Every structure is written in structure tokens, then in C-alpha cells.
Amino acid sequence: MSKIEADRLLKLTVISLRKWGYFKEGTHTGTVKWTRSGFESMANVVSYIGESDKSLQLTYTRPRADNRDMVMQYNVPLTTTLCHYGGVRYWFICPVYHKLQYCGRRVGVLYLGDDYFACRHCYNLTYASRNAGGRYKGFVSIPDLEAMEDKVKRTHYAGKPTRKYRRLLQMEERFETGIIGLAKQLGVSKKK
């Protein structure tokens, strides 16, 4: 049985929730929205950040075959680790039970596979990049190149190229190599 690709599922990330202010001291309430293929999904998120208790409460609906939506509501425990330069980094503790055993992995991303948000291990997920064949593995697309260009804020620092700029140059080189290779293949196929 082939694995489901994680890129196709709705996901909840620690990085996004931190950016949106859910991990500040106290209780914070909000809505997370996903839009895919014209359909919109929403989840209400309530975060409780205290001295000893840290958790998220997720509330959302899941459609059923009998046209009655099921309301899902459960808590996702949070934990923290210390950062080297001060502060803390938040993590989800996977809230899914398998065969009467609590998964409990510390993860940064939860995916909505069936009815619950869980880690990629619980849903046995893979990534599209792992499934790319050897022929297309080094291929760089125009959207990938444009996304990398958007990430590069400055090209040099202290007279040296920045890491992101070097990565962009490598991607541009791979893109050009791919285009040249494609042109050669098209040229060869025309001569036959």
C-alpha cells in the first residue's frame, strides 16, 4: 500500500502558531483557516500557556457520509525546550492513541489525516520530494526559484555572499542545467 503524501494534508505548525501569538503567557483564542481547491476549512484554537500547564484546545468539524458533521474537540499538550541563545521553543506532543498506546512524540507539525491532528509517524506519511524519481530529482521549477528569490533579503554580508544567496545561485545553476538538458533531449528527438 502506498503512503499518503504529507503535502496533500492540512497541517498545523508550531512556527505559524508562534508567529500568530498563541504561545504568549495566558489564554489566546483564534481561528486557523486553510484553503485548498476552492474549499475552506477552519479550526478554532485556544492556547493555555501557564507556568506548569501548556496546551492547545482544537475545535473543528469533520464531514460524515450521512451528511451529519462531527464536531471534534480535544487538547494537544505542548512542551518546551531551551534555546541556546535564550528563550524557549514550543513543540506539540502528538495526541493520538494507537492500540491503547499513547504516541507522545515531540513534533513541530501535526497533520489532519483522518479525524485527528497527529504526527507524520502515526499516519505513516511521506513527502512528495521523496517520491520524485531519479530523473527529476535535481530539477528546479520556476515557482521553486521564485520562492527562493523572495527569501533572499540581502545578497552579501561583511563582503561575503549570504547562505541563502549561495543557495539561490546553486538553484539557478541547476535550473539552467535542467533547461539545457531538456533542450538537448528535444533537439535529439527532432532529428530522429
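Thr162 sits in the loop that joins strand E13 (160-161) to helix H4; helices (H or I, at least four residues) and strands (E, at least two) are DSSP runs, numbered from the N terminus. This is a predicted model, in which local features need pLDDT of at least 70 and side-chain atom pairs count only at pLDDT 80 or more, while totals for chains, interfaces and linings use all residues. Residues are numbered from 1 along each chain as its sequence is written, and side-chain values use heavy atoms, with hydrogens and water left out.

Thr162 counts as buried because its relative accessibility is 18%; buried means under 20% relative accessible area, exposed over 50%, and partly exposed in between (1.4 Å probe, protein chains only). Not counting residues up to four places away in sequence, Thr162 touches Arg154, Thr155, His156 and Tyr157, where contact means heavy atoms within 4.5 Å.

I turn now to helix H4. Arg167 is found in this helix and, at 40% relative accessibility, is classed as partly exposed.

Finally, strand E6. Tyr90 belongs to strand E6 (residues 88-93), and its relative accessibility of 10% is why Tyr90 counts as buried. Which residues does Tyr90 contact, leaving aside its neighbours within four places in sequence? They are Val14, Phe23, Ile49, Lys54, Leu78, Thr79 and Thr80. Tyr90 and Leu17 are 73 residues apart along the chain, and their C-alpha atoms are separated by 9.7 Å.
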